Amino acid sequence: MTLSVLVLNGPNLNMLGRREPEVYGGQTLADIEAACVQRAAPLGLSVEFRQSNSEGEMIDWIQQSRGNHAALIVNAGAYTHTSVALLDALLACQAPVIEVHLSNIFQRESFRHESYVSKAARGMICGFGGLSYELALEAAARMLGIEQQG
Ligand code: DQA
């Protein structure tokens, strides 16, 4: 059985490749999506990959994920550090959440050290560029496999 994972990307992540490449790397979001799709298949997962610059749209997608996705992988961009509304949406969604970031947010400005998303997440992977997403898929597959057996 293939389980669906929603990969949710927040503001400015559509600019990857052109946006501060020294911080975020040279991969575009489409490159990361392609790598995720490729990595997901042998793990028994399918990926629905989305990006929005709008907090409200992200919240709508989280609400709609109920019953449709086995897990969520979330890079909320700057909303990570600001959005109680996004946190509330994630707390209300039944599927497990894995937080990801391209950069190591703890090596950066202090305002990036606080994450609202973390308060709803099983775990967080940051600092590996696009690989953070692939590692999160790996974690999702292992976690879902264990939970389905239990
Ligand atoms: C980011 C880190 C955030 O602090 C920043 O606002 C982003 C990207 C990351 O993936 O490293 O937009 O989430």
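Q: Let me start with a cysteine: is Cys-126 buried or exposed?

A: Good place to begin! This is a predicted model, and in it Cys-126 counts as buried, at 15% relative accessibility. The reasoning rests on a cut-off: buried means under 20% relative accessible area.

Q: And what is the relative accessible area of Cys-36?

A: For Cys-36 the value is 1%, so this residue is buried as well.

Q: How many disulfides does the model have?

A: First, the general idea: a disulfide is a covalent bond that joins the sulfur atoms of two cysteines. To count one, we look for a pair of cysteine sulfur atoms within 2.5 Å. By this rule the count here is zero.

Q: Let's turn to the backbone. What is the phi of Asn-12?

A: The general idea is that most residues other than glycine have a negative phi. Asn-12 is not a glycine, yet its phi is positive, near 70°. You can find Asn-12 in the loop between β1 (3-9) and α1 (21-24). This residue is partly exposed, with a relative accessible area of 39%.

Q: Where is Glu-20 found, and what is its phi?

A: Glu-20 sits in the loop between β1 and α1. Its phi is positive, about 35°, although Glu-20 is not a glycine. With a relative accessible area of 37%, Glu-20 is partly exposed.

Key. Residues are numbered from 1 along each chain as its sequence is written. This is a predicted model: local features need pLDDT of at least 70, side-chain atom pairs count only at pLDDT 80 or more; totals for chains, interfaces and linings use all residues. Side-chain values use heavy atoms; hydrogens and water are left out. Helices (H or I, at least four residues) and strands (E, at least two) are DSSP runs, numbered from the N terminus. Buried means under 20% relative accessible area, exposed over 50%, partly exposed in between (1.4 Å probe, protein chains only).
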